[in-house]
Amino acid sequence: MQLTINNKIFTDNSNEANENVAFVLSSHNERFKQGAIDNGCKEIINSSDLKNYLDMSSIKIIGITGTNGKTTTAAAIYSILLDLGYKVALQGTRGFYINDKRVEEYSLTTPMQIGNFAHIQKAMENDCDFFVMEVSSHAIQQNRIEGLSFELKIHTNITRDHLDYHKTIEEYINIKNSFFSDETKKLINKDDKIVKYNVKNGFAYSLDEPSTYKVGAYSFKNGMHVMFSYFGEMHSFSSSMMGIFNVYNLMAALSAVHITTSKPLDEICEALENFAGVSGRMEIISSSPLVIVDFAHTPDGMKEVLQSFAHKDIICVFGAGGDRDKDKRPLMGQVAANYAKHIIVTSDNPRFEDPDLIIEDILKGIKNHQSVQVDVNRKSAIRKAIDMADENSVILILGKGDETTQIIYDKKLAFSDKEEVLKYLNKE
């Protein structure tokens, strides 16, 4: 793509480089350098120097990384800051937003370097005070965030994910932890035993361990109610959201806003109560029967959701993505078997894999369960779950969240868990 700063044009694509367009050279496009020169490019700029062309001092960048919770935490920070009267941009899995308007649709969790610069530039053109962004492990390893100075870096948690790319859990953990190795202000989930970080300029939130923002009590009657302490002072908030993991997400969000704005905590808590959550993340689609759609697609993510409904008869509908980490599939099956009364294993985004073989991998983790069904047709699986439900049930449809397509081979076919639920309940 191209980036224009003060009438100077930059690109990371050698085919777009020419005598009027500078080529931004990184470790990812080094092999195309000669192609840029052959196209007539006169100026080659190292990716590490791109920051010298765009003054970003007027905007505060907040970056969130972690296996689970990035999207909800980022959206909550964005919502609170807007309610407090700031101008804010949000970049992440669900798209690019400026001041409560979606500017771009779904994209990479974290774009390439030039994409980040272009979005930040657009945010500054709209007088934004803050730029809130999700930071993926791919982006950290590929140095897509090069040249960005973060006002605050936030850690949600580190569990198993993306091992199709990172190969080992150790490599994945090390990549995530590397984000917190410098002296930038950072906000850490102190209850995560895996995280390692530079303690200088470190803040923390927790439910169990001692921390800066420490939850003292919480309950889940008609939503959530949380009490927490900050240097001995007690504060509280309520939310319509559910799940212990969302206590963590909301604590991360309000702590981040407090650190970056110095607004009174009670005012931040009041603004937080207006945040209703993110589409496809623990989203209640129906209350009778109780049907919830969530993006959980890792063993730990599933466990967090399922644990939140231990008091209900859980009907769990899920699959696993194709061309992704195969070793997590039986682990996901095992989690479902530990918590769900009824399990329906179905297809997710099979991509170029045989969905029946993916399901076989999942079933290896489900041992001696009294109620397991297999239905490779996701629409049919959802309908079976609804037919099975009674007043004590909760139907948890996991893995795709608010995705509106199902990826089969290289085709994206229209499919929405939420729409399938609503269509069947309304008998369309």
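Reader: How far apart are the closest N and O atoms in the salt bridge of Asp 361 with Lys 364?
Author: This is a predicted model: local features need pLDDT of at least 70, side-chain atom pairs count only at pLDDT 80 or more, and totals for chains, interfaces and linings use all residues. Numbering runs from 1 along each chain as its sequence is written, and side-chain values use heavy atoms, without hydrogens and water. A salt bridge needs a side-chain nitrogen of Lys or Arg within 4 Å of a carboxyl oxygen of Asp or Glu. For Asp 361 and Lys 364, the closest N and O atoms are apart by 3.4 Å.

Reader: Is Asp 361 buried or exposed?
Author: Buried means under 20% relative accessible area, exposed over 50%, partly exposed in between (1.4 Å probe, protein chains only). Lys 364 has 53%, so it is exposed. Asp 361 has 17%, so it counts as buried.

Reader: Which residues are linked with Asp 361 in a network of salt bridges?
Author: Lys 364 is a salt-bridge partner of Asp 361. The network joins Asp 361 to Lys 364, Lys 326, Arg 329 and Glu 353.

Reader: How many residues apart in sequence are the parts tied together by Glu 43 and Lys 8?
Author: Glu 43 forms a salt bridge with Lys 8 at 2.5 Å. Glu 43 lies in the loop between helix 1 and strand 4, and Lys 8 in strand 2, so the pair ties together parts separated in sequence by 35 residues. Helices (H or I, at least four residues) and strands (E, at least two) are DSSP runs, numbered from the N terminus. The separation, again, is 35 residues.

Reader: How many disulfides are there?
Author: A disulfide is a pair of cysteine sulfur atoms within 2.5 Å. By this rule, the count is zero.
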